[in-house]
Amino acid sequence: MAPFTSHSVDDARILSYFSSFPVRSCEPDALPTIQQALNDTVYSCTTPESKERKKAEYRHTNPAGNLFGLSFAMSEVDRLAYVVKFIEFLCIVDDVMEDLPFGEACIEHAILRQALYECYDNDQYGGRAVGLMKSFLRELRIELTGFDDPSTPLLLKTLDTSLRDRDSDDSEFMTLAEYIPFRKTNFDYDFVCQLLRWGMNIPPAVQDDPLARAYDKYIGVIVGLTNDYFSWAMERQETTDRIRNAVPVLMKEHSISETQAQIMLKEVIVNEERKAKMLRDNIMSQTKADEELKRYVTGMELFAAGYSFWCATCPRYHRPQVC
């Protein structure tokens with residue numbers, strides 16, 4: 001099935017958006033589908049007036065564009081709702097886990113993963129904080145098992161691995177090189193890539209292409225560090241036993257000020273974009289390159305562009321919420 005109709009977004013009017021990637025959105029055609037999926041997820045995974053409910057609602061008040069319309073414009077019509085549900089689910093998981101001490105967060109992640117296994121379907125224990133999310137994920141897994149797609153089991157397996165690893169390291173990173181692999185894991189990046197391929201109905205063989213893997217690597221650094229760049233104003237105010245952001249890492253590594261670290265981080269992102277663009281142009285110029293590979297690379301570029309644009313404009317990062 002084809003994706004929703006998308007249109008280009010005028011990113012020149014947003015001075016904070018420094019990416020060279022072109023932005024597109026599948027709004028307004030996809031908005032009813034997106035909103036229904038968001039409602040299903042937020043109201044199933046959070047309780048009224050809770051901190052997580054307020055954060056979820058505030059996350060989607062960006063007047064510049066919808067996160068999912070911007071980031072997943074090439075998802076097929078019958079799959080976009082599932083893409084929205086998975087990503088919003090992980091956003092809520094992140095909001096819940098970051099308020100827990102590291103050890104407790106590890107335990108809650110383990111309890112949540114049980115929802116991905118049929119043998120735990122009669123286990124109603126929801127831990128301290130993930131009961132609603134566990135029930136939601138279980139129902140989502142059951143619904144997807146009826147999806148006629150051989151890549152669906154791999155999608156769920158990748159999610160299981162991501163939930164296992166996303167918050168499994170409480171190390172204090174001393175260099176950006178040490179931090180980046182963790183940042184991609186904490187971003188659930190492997191799962192996001194798998195979900196984007198699934199949403200676009202990309203053949204599984206594409207993910208094994210060396211060019212696809214190389215492009216994934218660049219995009220992972222870009223989106224992870226772009227999030228850090230724009231979210232630092234919010235994160236620096238939060239009370240937590242583990243700060244996960246490239247800005248303080250660069251401050252320690254180079255003994256520089258916060259402002260200098262932010263400038264350096266922006267330069268790293270721009271340089272990674274330059275590498276990604278060179279590889280993309282190379283792939284697109286190859287007449288023998290697989291058309292599905294080209295479609296996937298286009299989808300990944302639009303994901304990075306849309307997500308970066310959302311980070312550059314969302315109230316969540318630029319007017320931090322007080323819950």
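**A loop residue, aromatic rings and cysteines**

Analyst: Gln207 is found in the loop between H9 and helix H10 (210-235). Helices are DSSP runs of H or I with at least four residues, strands are runs of E with at least two, and both are numbered from the N terminus. This is a predicted model: local features need pLDDT of at least 70, side-chain atom pairs count only at pLDDT 80 or more, and totals for chains, interfaces and linings use all residues. Residues are numbered from 1 along each chain as its sequence is written, and side-chain values use heavy atoms, with hydrogens and water left out.

User: Is Gln207 buried or exposed?

Analyst: Gln207 is buried, because its relative accessible area is 17%. Buried means under 20%, exposed over 50%, and partly exposed in between (1.4 Å probe, protein chains only).

User: What does Gln207 touch?

Analyst: Leu154, Gln194, Arg197 and Arg213, leaving aside residues up to four places away in sequence. Contact means heavy atoms within 4.5 Å.

User: Rings next. How many aromatic pairs are there?

Analyst: The whole structure holds 18 aromatic pairs. Rings of Phe, Tyr and Trp (its six-membered ring) pair if their centres lie within 6.5 Å; planes under 30 degrees apart are stacked, over 60 edge-to-face, and the rest tilted. One of the pairs is Phe147 with Trp198, which is tilted, at 5.2 Å centre to centre and 50 degrees between the planes.

User: Where do Phe147 and Trp198 sit in the chain?

Analyst: They link distant parts, 51 residues apart. Phe147 is in the loop between helix H6 (131-144) and helix H7 (152-165), and Trp198 is in helix H9 (residues 189-200). Both are buried.

User: What about Phe173 and Tyr179?

Analyst: That pair is edge-to-face, because the planes are at 70 degrees, with ring centres 5.8 Å apart. Both residues are buried.

User: Which charge lies over the face of Trp198?

Analyst: Arg79, at 4.8 Å from the ring centre. The rule wants NZ of Lys or CZ of Arg within 6 Å of the centre and within 35 degrees of the ring normal.

User: Now cysteines. How many disulfides?

Analyst: The count is 0. A disulfide is a pair of cysteine sulfur atoms within 2.5 Å. For Cys45, the nearest cysteine sulfur is that of Cys91, 11 Å away.
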